[in-house]
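Subject: Structure handover

Hello,

Here is the structure for your files. Please load it before you read on.

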Amino acid sequence: MNTHAVELHQVGKRYKYFSLNDISLSLPTGSITGFIGVNGAGKSTTIRILLGLVHQDHGSVQVLGQTMPEQQVLAKREIGYVSEDMRLYPKASLAWHMQFIQSIYPNWDQAYAEQLLKRFDLRAEQKIKGLSHGQRVKATLLLALARRPKLLILDEPTTGLDPVARQEVLTALIEVLADEDRTILFSSHNTLDVEQISDQVVFIDQGSIIEARSKEDLLDAWRRLRVRVAADQTVAQLPNVLQHQGHGQLQTIITNRYSPELQQTYQQAGLEIQAVELLTLEEIFVASIQARREGKNL
Ligand SMILES: Nc1ncnc2c1ncn2[C@@H]1O[C@H](COP(=O)(O)OP(=O)(O)OP(=O)(O)O)[C@@H](O)[C@H]1O
């Protein structure tokens, strides 16, 4: 078994108005990675390169031990892919699609497919054209999950789903990972979903990866400190202050390098620390993008 399901090294792709800038990324086997970026950041382009649908201009791409795009036929047998723009046949039923996929993929798990039908409250005999948006997303997900792929790549899997449906989908994804040699990459604008289920987080901005590490490490490193400062003190010059707000005596500092030692340094500089708070993944994402756009190093 490979220790990494996906390895990108210095991968670049140039379009007229956009370029993916030599990105490197590793997804450990058995992990679930949330891939977060604003519109147009390069999430789908990266995913298409992983699938061999778009060829990189340079750099190496290994997916499940296969070199992409050259060995994409072999890799694709083991990859399940779900995106919003996937087309099912509107006039055919879900059962027809299930049989069709079963005939192509030997790993199809019919018992699991039936379990997912119940979980997602879908009827196999219903035609695709009669399904609501959310039901269509769940149907596509069922077709991908029941193939039992080694790597599941989901482009915005929860967009447009109601909160209950979102939770059902997220629970199904967590269950996939009970089997430890399966790996999931999912892109999302929804940081709440990523915070809930991923164990690795990747931020992409303007074609560059700006953060890639374990969710726990990331959440632990970022803090908001509420501090009382002396009148003549300048907070901005203290070490590891990424952002600060307020001009009077009470100010807030945001740091992405929190440690008890850093807190001591601030205290020794004369700050009175009134509170130390964790940030949500959404706050961390927004602050990371802002810092980068202001030319600060993360
Ligand atoms: N085939 C193409 N030709 C030219 N430009 C392209 C092509 N495909 C993507 N792009 C450009 O690459 C940029 C990144 O697009 P991409 O779809 O990867 O972003 P994304 O992060 O998935 O965005 P969103 O969240 O809006 O789906 C966009 O500016 C897009 O216009």
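First, the ground rules. Residues are numbered from 1 along each chain, as its sequence is written. This is a predicted model: local features need pLDDT of at least 70, side-chain atom pairs count only at pLDDT 80 or more, and totals for chains, interfaces and linings use all residues.

**Whole chain**

The chain has 10 helices and 14 strands. Both are DSSP runs, numbered from the N terminus: helices are H or I with at least four residues, strands are E with at least two. Along the principal axes, the C-alpha atoms fill a box of roughly 75 × 40 × 35 Å. Of the 298 residues, 34% are buried. Buried means that 20 or more other C-beta atoms lie within 10 Å of the residue's own; exposed means 12 or fewer, and partly exposed is in between, with C-beta atoms placed from the backbone.

Take the contacts with a separation of 6 or more: residues 24 or more positions apart account for 69% of them. A contact is two residues whose C-beta atoms, placed from the backbone, lie within 7 Å.

The domain assignment gives domain 1 (4–214) and domain 2 (223–278). Such bounds come from an automatic or database assignment. The two domain centres, taken over C-alpha atoms, are separated by 41 Å.

**The six-stranded sheet**

This sheet is open, with mixed pairing and the strand order E6-E7-E8-E3-E9-E10. Two strands pair if DSSP finds at least two bridges between them. E6 (79–83) and E10 (208–214) are the edge strands; each has a single partner, so one side of each lacks a neighbour in the sheet. Neighbouring strands are turned by 15° against each other on average, direction ignored. Axes here are lines fitted to C-alpha atoms, for helices over the stretch in contact; angles run from 0 to 180 degrees between N-to-C directions.

Two helices pack on this sheet. H1 (residues 43–51) touches E3, E6, E7 (151–155), E8 and E9 (200–205), and its direction makes about 150° with that of E7. H10 (residues 281–293) touches E3, E9 and E10, at about 35° to the direction of E9.

Look at E3 (residues 32–36). Five bridges join E3 to E8 (residues 183–188), in parallel. Phe35 faces Ser187 of E8 across that pairing. On E9, E3 has four bridges, again parallel. There Thr33 stands opposite Gln200. Five of the five residues of E3 are buried. Side chains in a regular strand alternate between the two faces of the sheet. In E3 both faces are covered: Ile32, Gly34 and Ile36 lie on one side, Thr33 and Phe35 on the other.

**The four-stranded sheet**

The order is E12-E13-E11-E14, in an open sheet with antiparallel pairing. E12 (243–245) and E14 (272–278) stand at the edges with a single partner strand each, so one side of each is without a neighbour in the sheet. The twist averages 20° from one strand to the next. H9 (residues 260–268) packs on this sheet. H9 touches E11, E13 (250–255) and E14, and its direction makes about 155° with that of E14. Six antiparallel bridges join E11 (residues 223–228) to E14. Val227 stands opposite Ile273 of E14.

**Ligand**

Which residues surround the ligand? They are Tyr15, Lys16, Tyr17, Phe18, Gly37, Asn39, Gly40, Ala41, Gly42, Lys43, Ser44 and Thr45. Near means that the C-beta atom, placed from the backbone, lies within 6 Å. By class, the shell has four nonpolar, six polar and two charged residues. Ala, Val, Leu, Ile, Met, Phe, Trp, Tyr, Cys and Pro count as nonpolar; Asp, Glu, Lys and Arg as charged; the others, Gly among them, as polar.

**Two loop residues**

Arg77 sits in the loop between H2 (72–76) and E6. Arg77 is partly exposed, because 16 other C-beta atoms lie within 10 Å. Tyr105 is 28 residues away along the chain, yet the two C-alpha atoms are separated by 7.5 Å.

Glu180 is in the loop between H6 (163–176) and E8. Is Glu180 buried or exposed? Glu180 counts as exposed, because 10 C-beta neighbours lie inside 10 Å. Glu180 and Lys150 are 30 residues apart in sequence and 9.7 Å apart in space, C-alpha to C-alpha.

Best regards
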